[in-house]
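Trainee: I would like to learn how to read ligand sites, cavities and backbone geometry in a model of this kind. Where do we start?

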Amino acid sequence: MGMMNNDILKTNIAEMGLKNPVLVSSGTFGYAEEYKELFDVNKLGGIITKTITLKPKKGNASPRIMETPCGVINSIGLQNPGVDDFIKNKMPKLKEIDTAIIVSIGGSDTEEFEEIVRRLEKVRGIDGLEINLSCPNIISELVTGFTEESNLLIAQDAYLTFEKVRAVRKLTKRTIIPKLSPNVTDMVSIARSCYDAGADAISIANTYSAMAIDIKTRKPFLGNIIGGLSGPAIKPLTLKFVWEVSQTIDLPIIASGGIMNYKDALEFIIAGARAVAVGTGNIIDPKLSVEIIKEIEKYLNENNISSIKDLEGAIET
Amino acid sequence: MIVQKQFKILDNKKVADNIYKMVLDSSSVYNKALPGQFVHVRGNNSYKPLLRRPFSIYKIDSGNMSILYKVVGEGTFCLSQHKNNEKIDVLGPLGNHFVMPEGKKKIFFIAGGMGIAPISFLIDFFVEKKVGMMDNIKVIFGVRKSEELILKDDLKKNKYLDLHLLTEDGKEGKKGTTIECFENLIKKEDNSNCLVYAAGPIAMFRALKKICDFYGIPAQVTYENFMGCGIGACLGCVINTKNGQKRVCKDGPVFHIDELIWE
Ligand SMILES: Cc1cc2nc3c(=O)[nH]c(=O)nc-3n(C[C@H](O)[C@H](O)[C@H](O)COP(=O)(O)OP(=O)(O)OC[C@H]3O[C@@H](n4cnc5c(N)ncnc54)[C@H](O)[C@@H]3O)c2cc1C
Ligand SMILES: Cc1cc2nc3c(=O)[nH]c(=O)nc-3n(C[C@H](O)[C@H](O)[C@H](O)COP(=O)(O)O)c2cc1C
Ligand code: FES
């Protein structure tokens, strides 16, 4: 047995300390309320909330979720109660939790992002902001992620990304983490925009734009026609993005894509991630994140690694 | 309290063409579950199928919990392959439940197809707790093919029930649908004090709604939708209702028929 060390799992993202590198990703954990009943959420490295927009959003038509081989396509459509209701009704309970609270924010234009950040600035108990520039499942209206000029996601355009991240940077000293889309030709250039705009870290990545058709009715399965693919099917794809970006851009990375066990989590860290976020895994196995934390600690001890930080980017090429 | 646990399978057997009953040693943790609630079952620990599948609780009996399921796809096929004594991952009990009547009512239980699972649990509950007017419970149970009339012997033995069996092929019971039967019964009643509890396919609810509207009878139904987490967190199962957006897994699966929107 290796030595027991309480700090072995500790890490940080800019000013934000994390008791361990395992977070739960946006949209798969709500505002933590439901999961509290099932396990001790204080053990998590951090909680990234469901994406919040300025105004309440109803989200997309049902069905919103379906299964594909080793994957899930969802088209929730950012249903959320809006920033004011979030502050009033969700934050008081969230800030009681003894872990990093990262609020995911979304908007369709710069002004919307700015207004959300302004309203959140006055609220205590928030450790960081994840800037969702990459929700893929909205086509019918111009909402989060989609620009007014075209059907591009913000995170598909280096300049738009720069503009939004810089706008947020100017308004807050909190740790800010833009979340990127995997539906890009060159993620490194988008990540560079984040760096230039003053981001503290980047989240890699959101879901992959996807769809499915019922051949009996010839109708799309999802009410929204298209959605985002997540789960084990996407892990190798997102892993490659994490490795690629970490090679060139000097920012900590939070990786999310198909993490189903501690081995998946370690792969991302070895590829270059500082921390990981479990998404679809929570939906399948609500206690998965705490299981992964335990297993990572065991792995570190068994391999005489004194800090999780030593594993970051430790890939041998 | 919601519990997630691996439970031992005591029995998993075919009870009709494509329909199975699975009895789990749930060591009494689900003894407080109420009719209408469901469990979210993980078929196996691989990625095929990946998501859990929801099933109504069909029976709670001396610490064991059972479900009745029809094989319709990958997930239910996977369940049917499990052997006795294997373990299976269950999350539950989930969702809201049927609301029990206040005072004496004329009760109609209407089950279409697999809807008999939650309705059967509800009947057990009524009988055990002596809810309502025990001598005036009508059960209307309809299926497509007569082979699918599972539980009919148990239902026939239950002395409290006025049982009406319906099949579309007419080989057993009466030929016809649950709703035709219900309409014929309700015509003869003074319907001021009636109450309907129903579970089944959406087409049945649509027809039921028309009759309930016409006669002014309140009805509670269990609604099904595709699910992700089953605990209210992912918003995958949300539907629009007349009272706003509702999560079928948490705010449902039981709804008043008037609340639902039928398009
Ligand atoms: C609250 C609730 C309680 C349920 N109780 C029971 C029960 O007691 N017994 C039982 O046999 N089934 C029940 N169901 C339905 C059951 O969950 C589905 O049949 C099952 O998930 C199908 O999984 P599959 O992988 O075998 O099929 P899939 O391959 O996923 O689908 C096969 C077919 O079933 C349909 N289907 C799949 N999931 C659902 C769903 N959730 N609702 C409606 N249609 C669906 C699909 O449209 C498709 O045509 C319940 C569903 C809900 C939401
Ligand atoms: C049901 C569901 C809802 C999601 N909602 C959001 C969201 O609101 N904001 C966001 O940035 N990402 C959202 N995501 C993406 C996840 O946070 C995660 O980045 C992605 O699913 C990849 O990780 P996974 O494969 O582990 O799920 C959602 C994913 C799922 C499955
Ligand atoms: S299935 Fe996740 S909220 Fe209902």
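Mentor: With the elements: helices (H or I, at least four residues) and strands (E, at least two) are DSSP runs, numbered from the N terminus. This is a predicted model, in which local features need pLDDT of at least 70 and side-chain atom pairs pLDDT 80 or more, while totals for chains, interfaces and linings use all residues. Residues are numbered from 1 along each chain as written, chains are lettered from A and ligands numbered from 1 in the order written, and side-chain values use heavy atoms, without hydrogens or water.

Trainee: Which element of chain B gives the largest share of the shell around ligand 1?

Mentor: A residue belongs to a shell if one of its heavy atoms lies within 4 Å of the molecule. For ligand 1 the largest share comes from β4(B), with four residues. The shell counts 20 residues, and B:R53, B:P54, B:L68, B:G75 and B:T76 come nearest.

Trainee: Which backbone atoms lie at what distance from a nitrogen atom of ligand 1?

Mentor: The term to know is polar contact, a pair of N or O atoms within 3.5 Å. A backbone N or O atom of B:L68 is 2.8 Å from a nitrogen atom of ligand 1, and one of B:S56 is 3.0 Å from a nitrogen atom of this ligand. On the oxygen side, a backbone N or O atom of B:G75 lies 2.6 Å from an oxygen atom of ligand 1. Accessible areas use the Shrake-Rupley method with a 1.4 Å probe. Alone, ligand 1 exposes 850 Å², and the protein buries 77% of that. In chain B, the elements that give two or more residues to this shell are β4 (53-56), β6 (64-70) and α1 (74-80).

Trainee: How do the residues of the shell around ligand 1 divide by class?

Mentor: Ala, Val, Leu, Ile, Met, Phe, Trp, Tyr, Cys and Pro count as nonpolar, Asp, Glu, Lys and Arg as charged, and the others, Gly among them, as polar. The shell around ligand 1 has 11 nonpolar, five polar and four charged residues. The shell around ligand 2 has five nonpolar, 16 polar and two charged.

Trainee: Which residues come nearest to ligand 2?

Mentor: They are A:S26, A:T51, A:S256, A:G258 and A:T280, out of 23 around ligand 2. An N or O atom in the side chain of A:S25 is 2.8 Å from an oxygen atom of ligand 2. A polar side-chain atom of A:N206 is 3.5 Å from a ligand 2 oxygen atom, and for A:G257 a backbone N or O atom lies 3.5 Å from an oxygen atom of ligand 2. Of the 600 Å² of accessible area that ligand 2 has on its own, the protein covers 98%.

Trainee: Where does ligand 2 sit?

Mentor: A cavity is a set of points, on a 1 Å grid over the protein atoms alone, where a 1.4 Å probe fits but cannot get out; lining residues have an atom within 4 Å of a point. A molecule sits in one if more than half of its atoms lie within 2 Å of its grid points. Ligand 2 sits in the largest cavity, whose volume, the space filled by probe spheres set on the points, is about 460 Å³. Of its 36 lining residues, A:S26, A:T28, A:N74, A:N206 and A:T207 are closest to the centre. α8(A) gives the most to this lining, three residues. The lining has 14 nonpolar, 19 polar and three charged residues.

Trainee: Which residues does a cis peptide bond join?

Mentor: Read omega. It is about -10° for the cis bond between A:S62 and A:P63, and also about -10° for the cis bond between B:G92 and B:P93. A:P63 is in the loop between β4 (46-48) and β5 (65-68) of chain A, whereas B:P93 is in strand β7 (residues 87-94) of chain B. For phi, look at A:A32: its value is near 75°, positive in a residue other than glycine. A:A32 is in the loop between β3 (22-24) and α1 (33-36) of chain A.

Definitions and conventions: A polar contact is a pair of N or O atoms within 3.5 Å; within protein, one must be able to donate a hydrogen and the other to accept it, and residues adjacent in sequence count only if both atoms are side-chain atoms. On a 1 Å grid over the protein atoms alone, a cavity is a set of points where a 1.4 Å probe fits but cannot get out, and a pocket is an open set with protein on both sides within 12 Å along at least five of seven lines; lining residues have an atom within 4 Å of a point.
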